[in-house]
Amino acid sequence: MTSTSPRTKNTARTTSAVGDKVFFGLSWTGGAIILVVLAFVAAFLLIRSLPAIMPETFGPGAGEAIDFWSYVWPLMAGTVLVSVIALLLATPVAIGISLFISHYAPRRFANSIGYLIDLLAAIPSVVYGAWGMLVLAPAMVPIYHWLHNNLGFIPLFAGDPSVTNTGRTILTSGVVLAVMVLPIMTALCREIFLQVPHLQEEAALGLGATRWEMIKMTVFPFARAGVISSIMLALGRALGETMAVTMVLSAGGFSWSLVTSGANGTIPAEIALNFPEAFGQRQSELIAAGLMLFVITLIVNVIARAIVNSHAKKAEGLS
Amino acid sequence: MTSQIRSRAKSNPQGSQQDPDGRKKPEDMTTQTHKKSRLDSLTANRKPTWTWMAAAAGSAILALLITLLAFESFSVVGFAILAGIFYVVSMYVISRMLEDRLKATDEFWRHLVWTSFFIALVPLISVLWSVISQGLPTLLANPGLLTADMGGVVGSDDIATQSEGEPLQGGILHGLVGTLMITLLASVISIPVGLFASIYLTEYGNRNMFSRGIRFFVDVMTGIPSIVAGLFAFAGLTLFVELTIGTSPQALQSVKTGVTAAIALSVLMIPVVVRSTEEMLQVVSNELREASYALGVRKWRTIMKVVLPTAMSGIASGITLAIARVAGETAPILVTAGYVATTNWNPFSEWMTALPVFIYRQLINPTAPAAGDPSTARAWAGALVLIVIVMGLNLGARAIAKYFAPKTGK
């Protein structure tokens, strides 16, 4: 391109400089949109839910509740209850599978097993809902009857007023939720277990530790913060999961019994069941309930991130 | 070298490791080795290799007996649970008696880890099996399901299908069209925003306040419950309509469209795109960028011609995964797009039905409340199609990442 005149070179340079500015502007805008969207999420939810949160304007429509808080607390309690059930069931299994993939499975299969568990995450939530409603719930009925007959003295299995005959209880929803958060927790825990320094593991084995002792001495101390934060992230997911609960649970007021249908409810399920037909004041109530859910999941997620960050700082200080 | 040692130690957990002798009194050891032959000293404190088979057979028989005697009806699940518990416990006890406490504990935890893997397989197989076994026969018997919508299908049709064996009416076409249009629109919104935001983060951000803020809020956005995203889109567009068109019921009704659902899905999709793209852009080595700058190439040309092409396969695969994730979402579409029985190609006006919402509605409110079977059959067929779409996108993403990866050869 030696024949190019200085003049055209110059224009090429200026268009290029303009291109630089335009490209920077576009990228900056992309980042700014994210911040704006999140601000809008909070602002719109707040604006739409104000009429419901104000005690003087809270109207009928949400059953016998007299104000917003007495309407929303049983739902919040139900949401937390079902998520806790899901985590209690999923955490041991997730840690087990992660250990299996990272330390126990034959090397050749470990990766394929990882893919297999990731497949669980690819199944849409509505399919889990359908499975929980039509397959799992009927299969759980004999277990609930057995629990009620043998462990009925524990309030959780009291079956008040009656034990379910459809299986559509909060415990079934918890099981479905556990299956849904399992792949997330497994993926995160597996990642952390694989990062454990090999030299430490070999040192433990070299001192004559059995494999379990090696895991107890090197893997768990290294991975503790990561495992806790993955549990918190899974909790955030479980709190906001809608379809598994909406389709499986036949909802009602809050109750400690896990084996009764027509008891308990969660915020996402309440919204999904009622929002399509709601209007006016009822809509505001549901949006306000959604705002509460948003706040709860936000707190859980921020705590999870804080644990990760503080641990990262500590690790930097040690090394 | 180290990995060799590691793998040998792993593959032979009992054999190659010495007994943890350090924990025993030295006198015991010497007396043992003097009394026993060489073979004995190697196999001492080891249970015979066939122990696990005996334990498995024993616990299976015991579990069978108990399930037959104690419960009214035989259940495979109960049998499997009991047999598993018996097996793990009996192996622990045997190992404790024939070997020592350390080996028994080690074995116990090994069994629990294997068990957790099999526990996780149960729901995976059960979900896939129920969808395929219930959806595939319906789909094969009524291929028309894919090309028909629910327009004009009323309860009496389903009652005729269930009681008189008439062919199954209706279909899932409107759901397919809805999912296609809404997902397409959500991608059109999210991909540019996500791409440019991640380019800003990696190429321009330099860890300043603004980029750290974006990173933090992307993390926050990944945690937004999907139904809250739906409520946000609905609340936002309602405000917009109230301010521009008016507060009449017709105006408010017009909020529920495909585009509202697409905005809701974008809120869920943008953080996924940003996260995966940022990761891929950071992998691009700085030497490539510097080589380009050294040749006098402008920054934006460098990004367009060097950085993006290098990371393209990873970015494309991440975007495909993000699309797969939102294509299966139900809750945000449920609260934003309404529900209709006919096919609607226009996401900017009228209600729209997405496939997941169709499945949900068919199960919760069957077309004929008294005869739910045809609706359930349609729902399972829809679920099968949905799983095929989502799994296809997932496999496609893996294929893109694998086959279009940049050539690293010299």
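Predicted model: local features only at pLDDT ≥ 70, side-chain atom pairs only at ≥ 80, totals over all residues.

Let me start at one residue, Val181(A). Leaving out neighbours within four places in sequence, Val181(A) is in contact with Ala86(A), Ala90(A), Ala234(A), Arg237(A) and Ala238(A).

Where does Val181(A) belong? Val181(A) is one of the residues with the most contacts inside the largest nonpolar core, along with Val127(A) and Phe232(B). That core has 184 residues. The element that gives the most to this core is helix H2 of chain A, residues 68-104, with 16 residues. From chain B, the core draws at least three residues from each of domain 1 and domain 2. Apart from this core lies another one, of six residues, including Ala55(B), Tyr87(B), Val88(B) and Met91(B).

On those two domains: the domain assignment of chain B puts domain 1 at 29-126 and domain 2 at 173-403. Their centres, taken over C-alpha atoms, are 48 Å apart.

Now the chains in turn. Chain A has ten helices and zero strands. Of its 319 residues, 48% count as buried. Among contacts in chain A between residues at least 6 apart in sequence, 79% join residues at least 24 apart.

Chain B has 17 helices and, again, zero strands. It has 410 residues, and buried residues make up 40% of them. Of the contacts in chain B with a separation of 6 or more, 75% are between residues 24 or more positions apart.

Next, the contact between the chains. How many residues of chain B are in contact with chain A? The count is 80 residues of chain B, in contact with 73 residues of chain A. On the chain B side, helix H6, residues 101-141, gives the most, with 19 residues. By type, the chain B side divides into 57 nonpolar, 15 polar and eight charged residues.

One helix I would like to point out is H16 of chain B, residues 355-364. This helix is mostly covered, with nine of its ten residues buried. The buried ones are Leu355(B), Pro356(B), Val357(B), Phe358(B), Ile359(B), Tyr360(B), Arg361(B), Gln362(B) and Leu363(B). What covers them? The cover comes from both chains: it includes helix H4 (125-151) and helix H8 (243-248) of chain A, and helix H8 (173-204), helix H15 (331-336) and helix H17 (373-403) of chain B.

Helix H4 of chain A also holds Leu134(A). Leu134(A) counts as partly exposed because it has 17 C-beta neighbours inside 10 Å. In sequence, Leu134(A) and Val248(A) are 114 residues apart, while in space their C-alpha atoms are 8.5 Å apart.

Is Thr302(B) buried or exposed? Thr302(B), which is found in helix H14 of chain B, is buried, because 20 other C-beta atoms lie within 10 Å. Not counting residues up to four places away in sequence, Thr302(B) touches Arg289(B), Ser292(B), Tyr293(B), Val297(B) and Val307(B). To take one of these, Ser292(B) is ten residues from Thr302(B) in sequence and 6.2 Å from it in space, C-alpha to C-alpha.

Then Leu295(B), in the loop between helix H13 (286-294) and helix H14 (299-327) of chain B. Leu295(B) has 9 other C-beta atoms within 10 Å, so it is exposed.

Last, confidence. Chain A has a mean pLDDT of 82, and 87% of its residues reach 70 or more. Over residues 1-8 of chain A the pLDDT is below 50, and beyond near neighbours in sequence this stretch has one contact in the model. Chain B averages a pLDDT of 81, with 87% of the residues scoring at least 70. Its stretch with pLDDT below 50 is residues 1-36, which has 20 contacts in the model beyond near neighbours in sequence. For the complex, the predictor gives an ipTM of 0.84 and a pTM of 0.83.

That is what I have; I will take questions.

Note on methods:
Residues numbered from 1 in each chain as written. Chains lettered and ligands numbered in written order. Domains from an automatic or database assignment. Contact = placed C-beta atoms within 7 Å. Helix = DSSP H or I, 4+ residues; strand = E, 2+ residues; numbered from the N terminus. Nonpolar A, V, L, I, M, F, W, Y, C, P; charged D, E, K, R; others polar. Buried ≥ 20, exposed ≤ 12 C-beta atoms within 10 Å, placed from the backbone. Core = buried A, V, L, I, M, F, W, Y, C linked by C-beta atoms within 7 Å. pLDDT = per-residue confidence, 0-100.
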